[in-house]
Amino acid sequence: MKNLVILGGGYGGLRMLHRLLPNQLPEDRSITLIDRNPYHCLKTEYYGLAAGTIPDHHIRVAFPEHPQLHSVYGEILSVDLENKQVILKDQEPVSYDDLVIGLGCEDKFHNIPGADIYTHSIQTIDKTRQTYQALNNLGNGATVSIVGGGLSGVELASELIESRPDLHIRLFDRGPHILSAFPERLSTYVESWFKKHTIDIVHHSNITKVEPNTLYNGDEPVHSDVIVWTAGIQPSKIVRDLDVKKDKQGRVILTPQHFLPNDDSVFVVGDCASLPQAPSAQLAEGQAEQIVTVLVKKWANEPLPESFPVIKLKGTLGSLGSKHGFGLVGERQITGRMARLLKSGILWLYKYHNG
């Protein structure tokens, strides 16, 4: 049997499994899923796990089961494009006929000394669990510094102040407003919520180095009992190490059919793919749908689509604790309880009706 290997059971990988199984996968094809964990993780909810407001099992979703699906759990070391193999730590290499790389992103530290050593992360489930331990072991009145005022930093800060109102929380952001990817009205709304809930925002910050329990805003040392880094992402190191053409952000440049320009057996989905829109779970799922279309036609020896329409995103929602939220639904800006209820509803549908 010919083997489709999917690297990563994230939003893109899981969507592909649900679309190919049970009835779009030819009898002469098998799928090998390779992931660190034996379950899909709801990465968009890691902030709640880190803050202690969401239990670990709440953000796990089981992978589908099928006779033609084989799962391998372990650490991926590299991809050998020439020999069509995935190299694993302490396991035999896995050969592929078609490969989908959906390995997600890692923190980007912008060459700031000490940032990769002395800060905590919410980029992987393992690192998020470690961040949970660090945050929830803090004593009364401890100081938490969160570097990065994007969606992840904002949601972590808001959830943490609800979980631990005794903590002193600072959010450091480089711009004049947090949430720079959102309209200013939403940024202002969230900043007002932060002020009401005693979260300090440090605008125009410039983090120059990090030491144990201390970050430097310019030359000013800021004591912090825990520092959490949410100030940028980059593609997985495995993708960064691939000798393929990439854009300025290090994401892989692809054909309109989402495979490598010189290798139609290798696809890239999600955060590592160079696409017109910013990385997101919605974008990865939309891209996965298109990749499935290409694979099914390829396997049937049918002409491939020359192009696809731009993937339409429904919007972005953020939470402010358990009762408030903000976001964009299409072009409409929403705030307050309705935004939080809508986000909770979408999460429920994803968990219990995925696929």
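**Briefing: a pocket, ring pairs and charges over rings**

The second largest pocket has a volume of about 220 Å³. The model is predicted: local features need pLDDT of at least 70, side-chain atom pairs count only at pLDDT 80 or more, and totals for chains, interfaces and linings use all residues. Residues are numbered from 1 along each chain as its sequence is written, and side-chain values use heavy atoms, without hydrogens and water.

**Pocket**
- Lining this second largest pocket are 15 residues, and H258, L275, P276, Q290 and F308 are the closest to its centre.
- A pocket here is an open set of points on a 1 Å grid where a 1.4 Å probe fits, with protein on both sides within 12 Å along at least five of seven lines; lining residues have an atom within 4 Å of a point.
- Its volume is the space filled by probe spheres set on the points.

**Aromatic pairs**
- The structure holds six aromatic pairs (ring centres within 6.5 Å; planes under 30 degrees apart are stacked, over 60 edge-to-face, the rest tilted).
- W193 and F194 form a tilted pair, 5.9 Å centre to centre with 55 degrees between the planes.
- The F259 and F267 pair is edge-to-face, because the planes stand at 85 degrees, with centres 5.6 Å apart.
- W193 is buried at 8% relative accessible area (buried is under 20%, exposed over 50%, partly exposed in between, with a 1.4 Å probe on protein chains only).
- F194 is buried at 0%, F259 at 10% and F267 at 0%.

**Charges over rings**
- R60 lies over the face of Y39, 5.1 Å from the ring centre.
- K209 has its charged end over the ring of Y216, 4.6 Å from the centre.
- The cut-offs are NZ of Lys or CZ of Arg within 6 Å of the ring centre and within 35 degrees of the ring normal.
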